[in-house]
Amino acid sequence: MSNRIDKINYYLDIAETVAERGTCLRKDYGCIIVKNDEIISTGYTGAPRGRANCIDLNCCIKKKLYPDMRHGGYDACRSVHAEQNAIISAARKDMIGGDMYLVGKRKDTGEYEEGANSCQTCRKLIINAGISNVIVRTSKTEYIEVDVKDWIENDELLDGKITY
């Protein structure tokens, strides 16, 4: 019996390491885009290039403006999401049919983000990038797999449901 890690957790471990570069004070998210068993791109949460990061400011503007809002208020957030950073660092032709591996951890507890998934803005970008599947880590060895077609066919916004 081999102790070799399965391929999905291998990629999720890489995404988790990428998350360690995050500059958000509240959460570390990291992701990688993989196609044909090759890493196409990586991304983590952080302020746009050249802007001060929250960890450098020692202040979360979103938390300051919306202290009770867990999800939403993204216009006040200084960070570009991990998924967005990975997508803008790759060519669309290289992402079509690929998979995105996503890991989110809370800064305050170090625990995996409960119910982690891509926000609506990231979902739209993932759809347009042509990515086929998003695999989200829920524990060190467990994950959920999302078929991006489900986000297309079941547009929760049409039902007034705000996700993540």
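These numbered points describe a predicted model of one chain.

1. Basis. The model is predicted, so local features are given only at pLDDT of at least 70 and side-chain atom pairs count only at pLDDT 80 or more, while totals for chains, interfaces and linings use all residues. Residues are numbered from 1 along each chain as its sequence is written, and side-chain values use heavy atoms, with hydrogens and water left out.

2. Overall fold. The chain has seven helices and five strands, in the order α-β-β-α-α-α-α-β-α-β-β-α along the sequence. Its radius of gyration is 16 Å, close to the 15 Å that the globule rule gives for 164 residues, so the chain is as compact as a globular protein of that length. Helices (H or I, at least four residues) and strands (E, at least two) are DSSP runs, numbered from the N terminus. The radius of gyration is taken over C-alpha atoms, and the globule rule is 2.2 Å times the number of residues to the power 0.38. Along the principal axes, the C-alpha atoms fill a box of roughly 50 × 40 × 30 Å.

3. Of the 164 residues, 44% are buried; buried means under 20% relative accessible area, exposed over 50%, and partly exposed in between (1.4 Å probe, protein chains only). Among contacts (heavy atoms within 4.5 Å) between residues at least 6 apart in sequence, 67% join residues at least 24 apart.

4. Strand 1 (residues 27-35) and strand 2 (residues 38-44) run antiparallel and are joined by six bridges. Two strands pair if DSSP finds at least two bridges between them. Valine 34 stands opposite isoleucine 39 in strand 2. The two strands form a hairpin with two residues between them, and asparagine 36 in the turn has a positive phi of about 55°.

5. Strand 4 (residues 133-137) pairs with strand 5 (residues 143-147) in the antiparallel sense, over five bridges. Arginine 137 stands opposite tyrosine 143 in strand 5. Five residues lie between the two strands of this hairpin.

6. Helix 6. Which residues of helix 6 (residues 120-129) are buried? They are Gln120, Cys122, Arg123, Ile126 and Ala129. An α-helix has 3.6 residues a turn, so residues three or four places apart point the same way. The buried residues of helix 6 pack against helix 4 (82-88), helix 5 (92-95), strand 3 (99-106), strand 4 and helix 7 (148-153). Just after helix 6, glycine 130 takes a positive phi of about 90°.

7. Histidine 81. This residue lies in the loop between helix 3 (61-65) and helix 4. Is histidine 81 buried or exposed? Histidine 81 counts as buried because its relative accessibility is 15%. Leaving aside neighbours within four places in sequence, histidine 81 is in contact with Tyr44, Thr45, Tyr74, Cys119 and Cys122.

8. Serine 2 is in the segment before helix 1 (7-19) and counts as exposed, at 53% relative accessibility. Serine 2 and serine 118 are 116 residues apart in sequence and 33 Å apart in space, C-alpha to C-alpha. Leucine 65, in helix 3, also has 53% relative accessibility and therefore counts as exposed. The C-alpha atoms of leucine 65 and glycine 104 are separated by 23 Å, with the two residues 39 apart along the chain.
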